[in-house]
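Please look over this model before we discuss it. My notes follow, point by point.

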Amino acid sequence: MEPRNFGGDADRPRPAGAKQTGRVLVVGPYLRVRAGSADAQLESHALPNHVQRDAEARLDEAAGLARAIDLVVAGAIIAPISQIRPATYIGKGKVEEIAALAKSLDVELVVMDCALAPIQQRNLEKELQAKVLDRTGLILEIFGRRAKTKEGALQVELAHLNYQRSRLVRSWTHLERQRGGFGFMGGPGETQIEADRRLIQERITKLESELKKVQATRRLHRAGRQRVPYRVVALVGYTNAGKSTLFNRLTRADVQAADMLFATLDPTLRALNLPHGGKAMLSDTVGFISNLPTQLVAAFRATLEEVLEADVILHVRDISHEDAEAQQSDVDAVLRQLGINPDDSGRIIEVWNKIDRYDAEQREELLNIAARRPEDHPAMLVSAVTGEGVDALLAAIEERLAAKRHTLDLSIDAADGAGISWLHRNSEVLAKELHDGRFDMTVRVDETKRDIVVSRFDAVPHLSA
């Protein structure tokens, strides 16, 4: 097991105000998967398209997660294992190797890129003489630091407590600390073993009550948006696929966008101007990741309701990433967990982002690959950084939205202010011309309002020129 040297992390530029919190060793204890084995079947079930992840890419991602909370990655190693050990996850020999390496690198924390059982975590901490954090705990820590809205903070804290309740290997004093995150990596309570189940349960109950209030407010806001003729377009994708950069490009907003895993967490809504004057609401959501903790999928279900309610979903992919296919499978798996069919071509548009990283010849090859896709499963090639392909993407969004609505022609008395006002509030007015005291209008409406417009205004289907 030769460690990859990340000692240069100490010299990496860090965001303003960022604080280094310690040196870390990242360990990738990945199963050697044999064809036809139960583990291979499990892997295939996790990745519906049977895409195997590259071990080096998995390790790089784990190191990126550690850097996302300002840890200094002193080293990263792949520790292949033939089977999972009940006591320590990895074998005794590898435990000894990692312990020696952790000591030589003078690390304070060992990150295991896997999901550890509580007993495995405790045993590893004793053997390695260092704090141990698994993938679930690391992602929870990132979310704890990044959540800015009240709902996001409540959801992350609830997920963390449900995760921590089964472990009882940390104190509960992180609830008293006034810093980001939830106290996996230091602080006054880290050496205490006792955990008060009653206090945790009381806090969980209180959080669930507060979340219900916040979610009720969100439902009111959503209901208010549904009363106006704005459709919802949602961005989904693997973390760091460029969703926030594309969001900024499409809406001219200034949402934080950085080359970092989970750079943004809380959902954001902005108006999206369509090519022919229409408007939609664009929603930027939290990025997905492989092996996303089930606690977070459940906790953020309310936040992801924007995706569930969306008329069009843009699946943004970093097409330049070496693990792009596996990342697509991971996103598809989370969408299925949310009850969304990732193969719904009438609702989902696949966006191949970061084409600016390719030269002209490679870009032409990508275009040929996209051209060979079925007509009902197109891929839109864009660069959120340069803006290339964005106009074509906007046209595709408008086309999808229009396909789900009815375009009608009608004539209304110019003196009918109430009727004209109702049309502006409940439909998308595409054209409006005054002739002999009457407005000739072309409007676009939802299925739910079509019959009302037809009966009230004697509207007829619009005939395209």
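Predicted model: local features only at pLDDT ≥ 70, side-chain atom pairs only at ≥ 80, totals over all residues.

1. Strands 13 and 14. These two pair antiparallel over 7 bridges. Within this pairing, Val 429 has Val 443 of strand 14 as its bridge partner. The hairpin of strand 13 and strand 14 has 2 residues between the strands. Asp 436 in that hairpin takes a positive phi near 50°. Please check this residue on the display.

2. Strands 12 and 15. Strand 12 (residues 406-413) pairs with strand 15 in the antiparallel sense, over 2 bridges. Leu 408 stands opposite Pro 461 of strand 15.

3. After strand 15. Leu 463 sits in the segment that follows strand 15. Is Leu 463 buried or exposed? Its relative accessible area is 70%, so Leu 463 counts as exposed; the cut-off for that class is over 50%.

4. Helix 2. This helix (residues 55-67) has 13 residues. From first C-alpha to last, helix 2 reaches 18 Å, close to the 18 Å expected at 1.5 Å a residue. Asp 54 caps the N-terminal end: one of its side-chain oxygens lies 3.1 Å from the backbone nitrogen of Glu 56. Buried residues of helix 2 include Ala 57, Leu 59, Glu 61 and Ala 62. Ala 63, Gly 64, Leu 65 and Ala 66 are also buried. An α-helix has 3.6 residues a turn, so residues three or four places apart point the same way. With that in mind, please view the buried positions of helix 2 along its axis.

5. Annotated site. The UniProt annotation "binding site", from an unreviewed entry, covers Ser 244 and Thr 264. Ser 244 is placed in helix 8 (residues 243-251). Why does Ser 244 count as buried? Its relative accessibility is 8%, and the class takes in values under 20%.

Terms used
Residues numbered from 1 in each chain as written. Heavy atoms only, no water. Pairing = 2+ DSSP bridges. Helix = DSSP H or I, 4+ residues; strand = E, 2+ residues; numbered from the N terminus. UniProt positions renumbered as here; feature names shortened; annotations may be inferred. Buried < 20%, exposed > 50% of the residue type's maximum accessible area, 1.4 Å probe, protein only. Expected span 1.5 Å × (residues − 1). Polar contact = N/O pair within 3.5 Å; in protein donor to acceptor, adjacent residues only side chain to side chain.
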